[in-house]
Amino acid sequence: MIDLYYWPTPNGWKISIMLEECALPYRLVPVNIGAGEQFKPEFLRISPNNRMPAIVDHAPPGGGDAVAVFESGAILQYLAEKTGQFMPSDLRGKYEVLQWVNWQMGGLGPMAGQATHFNVYAPQFNPVEKLTYGQDRYTNEVGRLLGVLDKRLADREFVAGAYSIADMAIWPWVLPYKNFKQNLDEFPNLRRWFSDTMGQRPAVRRGKEAGAELRRPQTVHSEEERRILFGQTAATVR
Ligand SMILES: N[C@@H](CCC(=O)N[C@@H](CS)C(=O)NCC(=O)O)C(=O)O
């Protein structure tokens with residue numbers, strides 16, 4: 001059994017989708033990030049960066065003690081290696097997949113996260129003139145990244161060879177495209193992959209629905225949630 005420490009957000013969906021695709025039994029352990037549950041000592045022992053998702057695999061390959069993994073890219077790779085699915089084992093195929101997983105982890109995810117912050121959350125508590133540089137900077141960068149993806153998908157069905165953890169890492173971060181002010185009609189190859197190739201997969205749909213009941217549809221945070229999510233400094237983690 002795998003415990004998935006989880007909240008229904010793009011980084012969480014990557015893992016629920018992978019677990020659904022692999023048909024691995026898992027138990028959702030909610031980590032309500034708006035309520036500060038990511039700072040509970042028992043969670044920090046598994047995920048010292050106070051971020052979800054994280055997993056604990058109670059039946060790791062080769063046996064022995066349970067294995068805990070944080071960072072969604074590392075979790076996807078762990079599950080791919082555990083199951084022998086969705087990542088080739090040959091050198092070239094494996095690194096074709098891993099470079100796109102890392103493209104998502106270091107590029108699309110952080111940039112889309114900041115674009116969402118500046119376009120959706122920050123305007124609720126900052127004067128608009130303080131925001132335009134950040135809005136333009138991150139919105140343009142997400143646009144550039146989606147352009148790269150669109151070009152990549154011009155002559156292939158999936159991002160890296162066969163269906164893989166690269167597709168599962170990227171799809172949840174295209175899903176909130178309206179938050180980062182993008183129009184998918186400008187990216188026809190990406191739209192095809194997003195809506196048809198990926199969007200119609202039953203396991204992708206199930207993964208996206210995992211724990212949906214935990215979270216109210218929300219773009220406005222309370223003052224307390226804002227303090228917890230947007231007020232973190234070095235002092236928070238000392
Ligand atoms: N690079 C991390 C990012 C994870 C992340 O940012 N998770 C957010 C939710 S999507 C979180 O746990 N936020 C809690 C917080 O900001 O304290 C990963 O891919 O796992």
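## A charge over a ring

Lys 208 sits over the face of Trp 13, 4.7 Å from the ring centre. A charge counts as over a ring if NZ of Lys or CZ of Arg is within 6 Å of the ring centre and within 35 degrees of the ring normal.

## Basis of the model

The model is predicted: local features need pLDDT of at least 70, side-chain atom pairs count only at pLDDT 80 or more, and totals for chains, interfaces and linings use all residues. Residues are numbered from 1 along each chain as its sequence is written, and side-chain values use heavy atoms, with hydrogens and water left out.

## Aromatic pairs

The structure contains nine aromatic pairs. Rings of Phe, Tyr and Trp (its six-membered ring) pair if their centres lie within 6.5 Å; planes under 30 degrees apart count as stacked, over 60 as edge-to-face and the rest as tilted. One of the pairs is formed by Tyr 5 and Phe 43, which is tilted because the ring centres are 5.8 Å apart and the planes lie at 40°. Tyr 5 belongs to strand β1 (residues 2-6) and Phe 43 to helix α2 (residues 41-44), so the pair ties together parts that are 38 residues apart in sequence. Helices (H or I, at least four residues) and strands (E, at least two) are DSSP runs, numbered from the N terminus. Tyr 5 counts as buried because its relative accessibility is 15%, and Phe 43 counts as buried at 4%. Buried means under 20% relative accessible area, exposed over 50%, and partly exposed in between (1.4 Å probe, protein chains only).

Phe 86 and Tyr 163 form an edge-to-face pair, 5.4 Å centre to centre with 75° between the planes. This pair links distant parts of the chain, 77 residues apart: Phe 86 is in the loop between α3 (72-83) and α4 (91-121), and Tyr 163 is in the loop between α5 (132-152) and α6 (165-174). Phe 86 is buried at 16% relative accessibility, as is Tyr 163 at 10% relative accessible area. Ring pairs join Phe 86, Phe 158 and Tyr 163 into a cluster.

## Glu 225 and its surroundings

Glu 225 is part of helix α9 (residues 223-230) and is buried, with 14% relative accessibility. Its side chain reaches the backbone nitrogen of Ser 222 at 2.8 Å. A polar contact is a pair of N or O atoms within 3.5 Å; within protein, one must be able to donate a hydrogen and the other to accept it, and residues adjacent in sequence count only if both atoms are side-chain atoms. Glu 225 and Gly 36 are 189 residues apart in sequence, with their C-alpha atoms 8.0 Å apart in space.
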